[in-house]
Each structure stands twice: as structure tokens, then as C-alpha cells.
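Let's take a walk through a protein together.

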Amino acid sequence: QSVGFARGGVWREALTPGQSGTAASPITFRAYGGGAQPIISGASLVTSWSLYTGTTYEATVTIQPNRVWHGSTELTFNSGNKNSLLNNQFDWGSNVLYVNIGQNPAGETMEASQINWIVTINKSYIVIDGLHITKANNTNIASADMATNNVTIQNSTIDYAGLMGLYFGSKSAAIGTFVVQNNTISDNGIRLDLDHGIYLEHSGNNVIANNTFSNNAGYGVQIQDGSNNNAIEYNLFNANRTGAIVIWDNGDGLPTGNSIIYNVSNGDPIGLTIGGSTSTVSNSVYSNVFYGFTASGLKTYNSPTIGNFKNNILWSSVAGTYALDDEGGATSMASDYNIIGPEKTPFILWHYSSYTTLAAYKTVVGQDAHSISSDQKFTNPAGADFTLQAGSPAIGAGVYIPGVSTANPPNIGAK
């Protein structure tokens, strides 16, 4: 069973599957033909402009848009300042959109995000394959409040949502067993810390694999409250604006049993955050690369029970960064066989004490007995090639993790 969307086409409407498929016959929404991925957009074209003042024009838009575009240029929201908008700014109030693009927008391509959830999946055995889902006013793909499982989202582009790229969650019904793979998930959200590429809340047994996350306002992936046994693996995170991955307990069910394996975080402010309000979580973090972070490689809050942290590389020469940054008394962490560096000032902050060498940290904290701080000799990190050169101290230097490691002994890192 399938529904086809022609490549090169654009649909400005919501998509909500009306029935479930089966394990033997899922319902697939896919692309066909040649050319660019079919676009399903949550943005409406805005026309019928009239002059408001100066170079600011107005048009009727009934839903407050989180994002507005002039062609490929996104305008900046300047709330309550319709009388003094600068070039490439917008305001909205009382069902009227005000824009200043330095000219009359009549005849220009002007878009405003209007559809809150573009793709709503509350049915099971659904496949989204090869679509470009973009510019939701809220969330591009969402599943909430109804029992939903066995959904696959693959080979798609998911970008420019007003808030979340994808959201899966419900306290009232079981939502999980999703596979999100081989997608490009980027530029979602307008709020730092809050708007993520993928947000899991009370959703478990999902696999998020082989995706590329970049320039999302919050984290690439947030795992929160009651989201258990999720696998985040083989993903590339690049320059998301808050961080790559966060496991967060907001006091409404502890996220446990999640595995973070074989991911690369390149240039994210924070590689991995673990914490929250009550912050008792136990998860496994194996064989990842957290490289070039601009704040912290691993950051913890509020005494989280971290779990296993092994075979990872944490490396950033950016001044003022911490490879390990614990601001809340992290407990029950089994950390070892990592490469952590380079040693500098500052280097490690743990239980509010600062260390400038790995040896000093080991002596006081008692972790990372076999970890080292030697240059891991990536092939070309500037070109995002995190394979290891011959002679790398990471080769064969890890500890074997059953069900994870592909060699014995394995390499440290993701490659």
C-alpha cells in the first residue's frame, strides 16, 4: 500500500494517515519520478500586500507565524515594532503580517509558516520515505496522544520547523518502536535549548540511526521523561546551536536504558548533556566522538546517575572548553578507555573541582584508569573525516562491549 508524491512537486497542506498498515503491508508515503524530493510545506504564500509605512508592507495572515521568508532569506521577528522594522524583519498582530524587505513584496515569493503539525502520525505501520517536510509553524512530524508504533521515517529532509523537527510523545498512550534513519534534519526551531531536531517524551524503543543533524536551535536529539530503551547510533551532529544530544529528566519519569553509540558530534557547543530536575538516569554511552565542542564534551547537572561511558573520544582545542563538565555531583559513572584532551587550562571540571591534567583527575575522582590524553590522529577532522590514521593510539585500545563492539579489542571512537 503506498501513496506517491511526484518529485519536484510542492504541497502546502497537512498529511495525516487515516488508517494503520500491517507488519506485512505497511502504508508508505513515498516519492516517485525524477528530480528534487517532493515538498510538503507548512508555509503559506502571502500575497495581496499594501503599504503600511516607509518600506514596511502589510498583508492578512490569520495565524501568528513563527517564521517568515522572502525567497530563501529568512526574516527576523521584531515583536511589537511594526512601525520601526529594519530591513528583513517582520512583525505580526491582530491577523496582520508586517514585513520590511526594502521593497514592495508584491510579485516576490513571501512565505509564512501556518500549519502547526504538517505530518501527524497516530496510526501504526506507517512509512515516510524520501519526502521533504519543511516549514511547519510548530512541528514538521509529530506523533502524540494515541497509541502508535512501528513507524519508519527514512531518506527524507526535515527542516525549518518553527519549533521541532520531529516530536514523539504521550503520557496517555504508548508511542514508540519508531525507526528514524538516513534523514537530513536541520535548521529546526527558533529557541535555544528548547527546539530540537528530534524530541522524545514518554516514548521508548525507538531507533535513531544514520541521520545528519545540523543547525537545530536546541539539541539534535532530546530524550526526556519516561523515554526508555532508545538507540541513538551512527548519527552525525554538526554545529547544532545548543548541543548534539541531551538526556533530561524533568521530574516526570526517569529516562533509562538508552544507548548512545557510534555517533560523531562535530562543532556542537555541547556533545552530550545528562541531567534534569531529579536526574537519576542510567544509560550507556559507547564509542562516540565529541570533537571541536565550543563549551563542553560531556556536561552533567543535578547529580545524575550516568551509567557507562567508555571507548569515547572527547577532544577540543577551543579555548575555555571543558572535556568533562560536572556541575552537580554526577554519580555511578563507569568511565574508562576514553581519549580525553588536549590537556589545557581549563580542561576538566568535576564535582566543582578543576583539573588541568587527566592524571590529576584520575587520582582524585577514581575514574578513567585506562583513559589517555594523546592525540587520536583523525584522518581529516576539518573535512569531517573521523577515521583513524595508521599509528593512532585509539586503534585497538578500547574495551570490548558485548553487542556493541565490532572487534576485540575495539578502537576508541566511532570509526
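This is a predicted model: local features need pLDDT of at least 70, side-chain atom pairs count only at pLDDT 80 or more; totals for chains, interfaces and linings use all residues.

Residues are numbered from 1 along each chain as its sequence is written, and side-chain values use heavy atoms, with hydrogens and water left out.

Where does Asn230 lie? Look in the loop between β27 (219–224) and β28 (231–233); strands here are DSSP runs of E, at least two residues, numbered from the N terminus. What does Asn230 touch? Leaving out residues up to four places away in sequence, its contacts (heavy atoms within 4.5 Å) include Leu200, Ser203, Ile223 and Gly257. Asn206 is also among them, and the side chains of Asn230 and Asn206 are joined by a polar contact of 2.9 Å. That term covers a pair of N or O atoms within 3.5 Å, where one must be able to donate a hydrogen and the other to accept it, and residues adjacent in sequence count only if both atoms are side-chain atoms.

Now for the nonpolar cores, which are sets of buried Ala, Val, Leu, Ile, Met, Phe, Trp, Tyr and Cys residues joined through side-chain atoms within 4.5 Å. The largest has 57 residues, and Trp350 is one of those that touch the most other members. Beyond four places in sequence, Trp350 is in contact with residues including Leu298, Ile306 and Met333. Apart from that core lies another, of 14 residues, among them Phe90 and Trp92.

Note on methods. Helices (H or I, at least four residues) and strands (E, at least two) are DSSP runs, numbered from the N terminus. Buried means under 20% relative accessible area, exposed over 50%, partly exposed in between (1.4 Å probe, protein chains only).
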